[in-house]
Amino acid sequence: MADLNKFITDRKSLIIAPAGYGKTHAITSCVRLCNNGKKCLILTHTHAGVASIKDKMKKEGLSPSLYTIDTICSFALQYTNAYHINKSEIPDVENSNEYFKFAITTASKLVNSLPIKEAIRSSYSHIIVDEYQDCTIQQHNLIVSLSEIIPTHLLGDHLQGIFGFNGERLVDMENKVEMQGFEENKQMLTIPWRWNNAGAANLGSSLDSIRVHLLNKRSIDFREYSAHIDSYIYPEADLYKKDTKYQKIIWNELNNANTNSLLIIHPNSAIPDERIKINKLFGNRLRLIESIDNKEYYQYAKDFDSSTMNNIYDLILNLCLYIFKSSAIKSFIKDDGTRKKKKFAIDKLISSSLNESVEKLLGTKSFLEAICLIKKIGLLPENKCYRKDFLHDMLKALETAHIENITVYNAMKKNRDILRRIGRRVTGRCIGSTLLTKGLEFDTVIVLNAHKYKDPKNFYVAITRASKKLIIISQTNIIHPYSL
């Protein structure tokens, strides 16, 4: 059991927190302990993490006047955008890797200036950094600089460090020299609250056993855990072939009235295309979790800005064919963009309404008319949207651009920055990846193609999202996730 009073009292401190062991509750308790008239600054890595912590604070009845929650990148961006003199040096936001690296490096320098040091001291009593294992060396340097200003406390677990990509090295939490004093005051959370509270203590024990195996690089044999983890082995499993046995398992969960909190995790975190295919297989019954920094958002925004009255309709049509059910669109619109002649009265009305919107759009190139046309296409008979979050955010950017008379690109950038700060709640029946769901919790989790996980960290994050029921689909009973 961790001594949270000692944790928050030490100038520098660290808690090792396995997945599901009450890390967010510990953060909430620490905010109560460090209440001295100033806010506690809580930093994490993802907008989903921000929303999750905010939800916990609200449930615990803590006033927002006691804390500020932000991502590390958003925190750095605020200082960079406010105080970096030459704004032209800031990379474009769609080049997210360079954009955030620049912000982190710049903020690390800025917080060493006397005026900003004083501003931080006057604003915050403590800094708590969540998911510390995901800090890059640059982010770690920023946190170390902040720790010289006010007491700083870290929570993390090296087995969950999955954000190391684009050639960036993550901080080594087990390296005492690199941790610069935080290791000297280290504790560990020891109670698996996620599963105890969900009435699934046996699942928690099984996951703890798997954790030990992963830490020691042992093979994982799903047959050892068959009493508490449902595993299905299909040597010829094909994720995209219809009517396979594994798909029936997913359909059973989707059709179960009691399965409202469901996550399907795909092993490929890089691109959403494969997850979109799976969503289509299951009739759009799943919410596709989007990356907040997906370059497609900014590219489409730029395309709208550079569009003319001659090509904006083609742009909208291509967008709609990408995110909606193409066959529903093609039943009313030909490949060349012209609207088809329809026989039935209701279809004629729909086609006439489409023609009216297209004519208005071509006469004005209005973003408001663009929104109207996209919505009408989305409401075509039998149509479905496979990327609802993407559609929502594109429409919101077009609306913001129209209302504030700014470019769609700047509107998109503004809206994404706001989303980073306030977080986005992810609930219901979803499909995502480990990168997009780390820190989240679902009653039921289905891990697809478990045999394709080649590193223990992503596999551990995937299986620990489940609080009540875990379903493993694999081509083999035994996996060895240690290739990386």
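In this predicted model, the secondary structure of the chain comprises 21 helices and 14 strands. The radius of gyration is 24 Å, close to the 23 Å that the globule rule gives for 484 residues, so the chain is as compact as a globular protein of that length. The C-alpha trace spans about 75 × 60 × 40 Å along its principal axes.

Of the 484 residues in the chain, 55% are buried. Contacts between residues at least 6 apart in sequence were also examined; 76% of these join residues at least 24 apart.

Two cavities of 30 Å³ or more were counted. The largest cavity holds about 40 Å³ of space. Its lining consists of Pro18, Ala19, Tyr21, Trp195, Gly204, Leu207, Asp208, Arg211, Tyr460 and Thr464. Helix H10 (residues 201-215) gives the most to this lining, with four residues. By class, six residues of the lining are nonpolar, two are polar and two are charged.

The second largest cavity holds about 30 Å³ of space. Asn279, Asn284, Leu286, Arg287, Leu288, Cys385, Tyr386, Arg387, Lys388 and Asp389 form its lining. Strand S10 (287-288) and helix H18 (388-404) each contribute at least two residues to the lining of this cavity. Here the lining divides into four nonpolar, two polar and four charged residues.

Technical notes
Residues are numbered from 1 along each chain as its sequence is written. This is a predicted model: local features need pLDDT of at least 70, side-chain atom pairs count only at pLDDT 80 or more; totals for chains, interfaces and linings use all residues. Side-chain values use heavy atoms; hydrogens and water are left out. On a 1 Å grid over the protein atoms alone, a cavity is a set of points where a 1.4 Å probe fits but cannot get out, and a pocket is an open set with protein on both sides within 12 Å along at least five of seven lines; lining residues have an atom within 4 Å of a point. Grid points are joined across faces, edges and corners, and a volume is the space filled by probe spheres set on the points. Ala, Val, Leu, Ile, Met, Phe, Trp, Tyr, Cys and Pro count as nonpolar, Asp, Glu, Lys and Arg as charged, and the others, Gly among them, as polar. The radius of gyration is taken over C-alpha atoms; the globule rule is 2.2 Å times the number of residues to the power 0.38. Buried means under 20% relative accessible area, exposed over 50%, partly exposed in between (1.4 Å probe, protein chains only). Contact means heavy atoms within 4.5 Å.
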